[in-house]
Amino acid sequence: MSLADVKKNAQDRMVKSIETLRADLAKVRTGRAHTGILDHVTVDYYGSPTALPMVANLTLVDARTIGVQPFEKKMLAAIEKAIRDADLGLNPSSQGEMIRVPTPPLTEERRKEMVKLTKSEGEDAKIAVRNIRRDANEALKKMVKDKTASEDDERRAADEIQKLTDKAVIDIDKLLAEKEKEILTV
């Protein structure tokens, strides 16, 4: 493994950490409805747990309502029960062949809890990035010990990895600031 491989591996893992945070933040409910809220709801589809988007079409009816159109009519009751049981604070209602899922407006207290949750997820992402930096630095030290890299190369590579870490932390802070603004906007 070369110095370039260590840096590339660290950079790839940091990008994945940021993408994971972005996906986690997309699940956090804001005042508006979005279909991502229901992505992780599982429905009992003929005996096997299946993700809701695999058994129904999810659409936005309006700013506060999600429409769920099952691919099979007989799945209507199972999907409605799965949404209710998912503990998302949502109360779906059937209307013919479609389920309407209104998202209640967030209270000020709930918005502040959501901000705390996003900050906690952001801190977890920063910890993951720092752990990646530590792993990369350990790999560099091992290369110096095994005499496959010089100490100067190791120092330069460690500086570059630190720059990658700083950039990742800044990106995480930007994501958190955007999400906080989105949550607190009434």
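Mentor: This is a predicted model. The protein chain has 5 helices and 6 strands.

Trainee: In what pattern do they follow one another along the sequence, and is the chain spread out or a compact globule?

Mentor: Along the sequence the pattern is α-β-β-α-β-β-α-β-β-α-α. The globule rule gives 16 Å for 186 residues, and the radius of gyration of the protein chain, 22 Å, is well over that. The C-alpha atoms fill a box of roughly 70 × 40 × 20 Å along the principal axes. The chain is therefore more spread out than a compact globule.

Trainee: Is strand β4 largely enclosed or open, given how many of its residues are buried?

Mentor: Strand β4 covers residues 65–70, and buried here means under 20% relative accessible area. Of its 6 residues, 5 are buried, so the rest of the structure leaves β4 largely enclosed.

Trainee: Where do the buried residues of helix α3 sit around its axis, and what do they pack against?

Mentor: In α3 (residues 76–85) the buried residues are L76, I79, E80, A82 and I83. They span an arc of only 160° around the axis, which puts them on the same side of α3. The face turned away from that side carries the exposed residues A77, K81 and D85. The buried residues pack against β1 (42–45), α2 (52–55), β3, β4, β5 (93–95) and β6.

Trainee: Which residue with a positive phi follows α3?

Mentor: The phi of this residue is near 60°. The residue that follows α3 is D87.

Trainee: How many aromatic pairs are there, and what is the geometry of the rings?

Mentor: Counting ring centres within 6.5 Å gives 1 aromatic pair. The centres of the Y45 and Y46 rings are 4.8 Å apart. Their planes meet at 70°, over the 60 degrees needed, so the pair is edge-to-face.

Trainee: Is Y45 buried, partly exposed or exposed, and what about Y46?

Mentor: The cut-offs are under 20% for buried and over 50% for exposed. With a relative accessible area of 24%, Y45 is partly exposed. At 54%, Y46 counts as exposed.

Terms used
Residues are numbered from 1 along each chain as its sequence is written. This is a predicted model: local features need pLDDT of at least 70, side-chain atom pairs count only at pLDDT 80 or more; totals for chains, interfaces and linings use all residues. Side-chain values use heavy atoms; hydrogens and water are left out. Buried means under 20% relative accessible area, exposed over 50%, partly exposed in between (1.4 Å probe, protein chains only). Helices (H or I, at least four residues) and strands (E, at least two) are DSSP runs, numbered from the N terminus. The arc is that of the directions from the helix axis to the C-beta atoms. Contact means heavy atoms within 4.5 Å. Rings of Phe, Tyr and Trp (its six-membered ring) pair if their centres lie within 6.5 Å; planes under 30 degrees apart count as stacked, over 60 as edge-to-face and the rest as tilted. The radius of gyration is taken over C-alpha atoms; the globule rule is 2.2 Å times the number of residues to the power 0.38.
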